[in-house]
Amino acid sequence: MRAVRVTRFGGPEVLVAGDVPVPEPGAGQVLVRVEVAEINFVETQIRRGFTPGPPLPEPPYVPGGGVAGTVVGADADEGWSGRRVVVRTADGFGGNAEFAVADQAQLVAVPDAVPLTDAAALLNDGSTALGLVDNAKIRPGEHVLVEAAAGGLGSLLVQLARAAGAHVVGAASSEEKLELARKLGAETVVDYSRDGWTERVREATGGGPDLVFDGVGGALGRAAFEATARGGRFSVHGASSGGVTEIRPDEAAERGVTVLGIEQLFPLSDPEGARERVERALAEAAAGRLRPVVGRTFPLADAAAAHATMEARAVPGKTLLLV
Ligand SMILES: NC(=O)c1ccc[n+]([C@@H]2O[C@H](COP(=O)([O-])OP(=O)(O)OC[C@H]3O[C@@H](n4cnc5c(N)ncnc54)[C@H](OP(=O)(O)O)[C@@H]3O)[C@@H](O)[C@H]2O)c1
C-alpha cells in the first residue's frame with residue numbers, strides 16, 4: 001500500500017512516500033481504508049525528534065494519529081464493516097497510509113451530514129477543545145483569551161467559548177488568521193507578533209482575561225500568563241513555540257491564578273471519555289453549531305509540503321492529507 005514514512009528525525013524532507021505492507025489488525029482491532037489523515041502540530045515536532053510529552057517513536061515510522069475512512073475486512077463485527085468512521089490509530093501512528101489499524105472500541109461513526117474532512121479535523125482537536133472547555137467551566141460574561149485562535153484547536157476553542165457566553169479575544173500572528181478568528185466569534189482580535197499585544201488584551205478585557213487557553217507556550221505563553229486577571233484561570237494545552245509556559249507555583253498562588261493542565265484529557269488516560277467527546281464534536285458539527293476549519297488539504301504523497309506549511313504558520317485552520 002502507499003504510505004509516507006519518517007525516515008529519520010529532521011525537517012519535512014524526511015517524510016518520504018513509498019510502498020509498505022498493509023498492517024495486520026490484532027485482536028479487537030480493525031483495518032480502516034483511510035480517506036483523510038489529520039495532522040496534529042505535535043506530529044511536526046515529533047518528526048523533528050522533539051517531544052513536549054508523548055514518547056518518541058523510532059524511525060523509520062509511518063506517522064499519523066488520526067484517520068477518517070471506511071472500515072474494511074471481515075474481522076470487524078457489530079456492523080462496523082463498510083461504515084464511515086473517524087478514529088485514532090491503534091498506537092498513535094500509521095495514519096499516513098492507505099490502510100491503518102484501529103481499536104474497534106475506539107471507532108466513531110461519522111454522521112451523514114459531516115464530510116470525512118470535517119470529521120478528521122474534529123477527531124483530536126474537537127475532543128481536546130471540548131475537554132478543555134468542560135474543565136475550564138466558563139461562566140457567561142467572562143473574558144477568554146485564545147492563543148493561536150485560527151489554529152486547528154484554537155478555531156474550535158473560540159467557537160466553544162463564545163457559545164458558553166464568553167467575550168472572546170483571539171490572538172494570532174497574521175491578518176488572515178485574525179479575520180478568521182473574528183468570523184468564528186472573537187469580539188476582539190490581537191496580533192501577538194507585535195509589541196505591546198498584552199496591553200491591547202488588558203484594555204479589551206478590562207484589566208486581563210479571566211481565562212487563557214495557552215497552546216503556544218514560550219515567551220508568548222508567559223506574557224499571556226502575566227496578563228491574566230488576578231483570580232483567573234490559565235489553561236495550558238500546548239507548546240507550539242517549542243517550550244511550555246513556565247509558571248512557578250508561588251507566583252500563580254500569589255496572584256490567585258489557577259493553572260489547569262491537560263493530562264486527564266489524553267486518550268490513553270481516558271479512552272472512553274475521549275471517544276465520547278469525539279461523538280459530541282461530530283454531533284455539534286452535524287447540527288451546525290461547531291465549524292471545523294479545513295485550511296488546506298494535500299495529497300498523501302505531499303505530506304512533506306503539508307508539514308512545511310504547518311511549521312511556517314502559513315495556513316489558518318487544519319491541514320489534512322487526502323489519501
Ligand atoms: N490538537 C489536539 O488535540 C491537541 C492535544 C493536546 C495538545 N495540543 C497542543 O495544542 C497546540 C495546538 O495544536 P494544533 O494541532 O491545533 O496546532 P495549530 O494551532 O493548528 O498550529 C500551531 C499554531 O501555533 C502557533 N505558533 C506560535 N508560535 C509558533 C512557532 N514558534 N512555531 C509554529 N507555530 C507557532 C501558530 O499560530 P499563529 O501563527 O497564529 O501564531 C500555529 O499555527 C499544540 O501545541 C499542540 O501540541 C493539541
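A nonpolar core is a set of buried Ala, Val, Leu, Ile, Met, Phe, Trp, Tyr and Cys residues that are joined through side-chain atoms within 4.5 Å. With that term in hand, let us turn to the structure, which is a predicted model.

The largest nonpolar core here holds 47 residues. Those with the most contacts inside this core are Val 86, Ile 138, Val 144, Val 146, Leu 157, Phe 213 and Leu 282. Several elements each supply at least two of its residues, among them H2, E8, helix H3 (152-163) and helix H8 (271-286). Which element gives the most to this core? It is H2, with 10 residues. Domain 1 (2-109 + 293-322) and domain 2 (126-266) both contribute residues, so the core lies between them.

Apart from neighbours within four places in sequence, Leu 157 is in contact with Ala 129, Leu 132, Val 133, Val 146, Phe 213 and His 237. There is also a second, separate core, of 25 residues, which includes Val 6, Ile 46, Leu 300 and Leu 321.

Next, please find Ser 235, in strand E12 (residues 233-236). Is Ser 235 buried or exposed? Its relative accessibility is 1%, and therefore Ser 235 counts as buried, the cut-off being under 20%. Setting aside residues up to four places away in sequence, Ser 235 touches Leu 132, Leu 211, Val 212, Phe 213, Asp 214 and Leu 260.

I now come to a pair of helices. Helix H5 (residues 197-204) packs against helix H6 (residues 218-227) at an angle of about 30 degrees, and their axes are 10 Å apart. The crossing of H5 and H6 is right-handed. On the H5 side, the contact is made by Trp 197, Thr 198 and Arg 202; H6 provides Leu 220, Ala 223, Ala 224, Glu 226 and Ala 227. Of these contact residues, five are nonpolar, one is polar and two are charged.

Finally, some remarks on the backbone. Most residues other than glycine have a negative phi, and most peptide bonds are trans. Lys 137, which is not a glycine, has a positive phi of about 45 degrees. Lys 137 lies in the loop between helix H2 (116-136) and strand E8 (143-146), and it is exposed, with a relative accessible area of 58%. Arg 313 also has a positive phi, near 60 degrees. Arg 313 sits in the loop between helix H9 (303-311) and strand E15 (318-322) and is partly exposed, at 46% relative accessible area. As for the peptide bonds, the one joining Pro 59 and Pro 60 is cis, with omega about -5 degrees. Pro 60 belongs to the loop between helix H1 (41-47) and strand E4 (66-72).

Key: Residues numbered from 1 in each chain as written. Predicted model: local features only at pLDDT ≥ 70, side-chain atom pairs only at ≥ 80, totals over all residues. Heavy atoms only, no water. Helix = DSSP H or I, 4+ residues; strand = E, 2+ residues; numbered from the N terminus. Buried < 20%, exposed > 50% of the residue type's maximum accessible area, 1.4 Å probe, protein only. Axes fitted to C-alpha atoms, helices over the stretch in contact; angles between N-to-C directions. Left-handed = near helix turned anticlockwise from the far one by under 90°. Contact = heavy atoms within 4.5 Å. Nonpolar A, V, L, I, M, F, W, Y, C, P; charged D, E, K, R; others polar. Domains from an automatic or database assignment.
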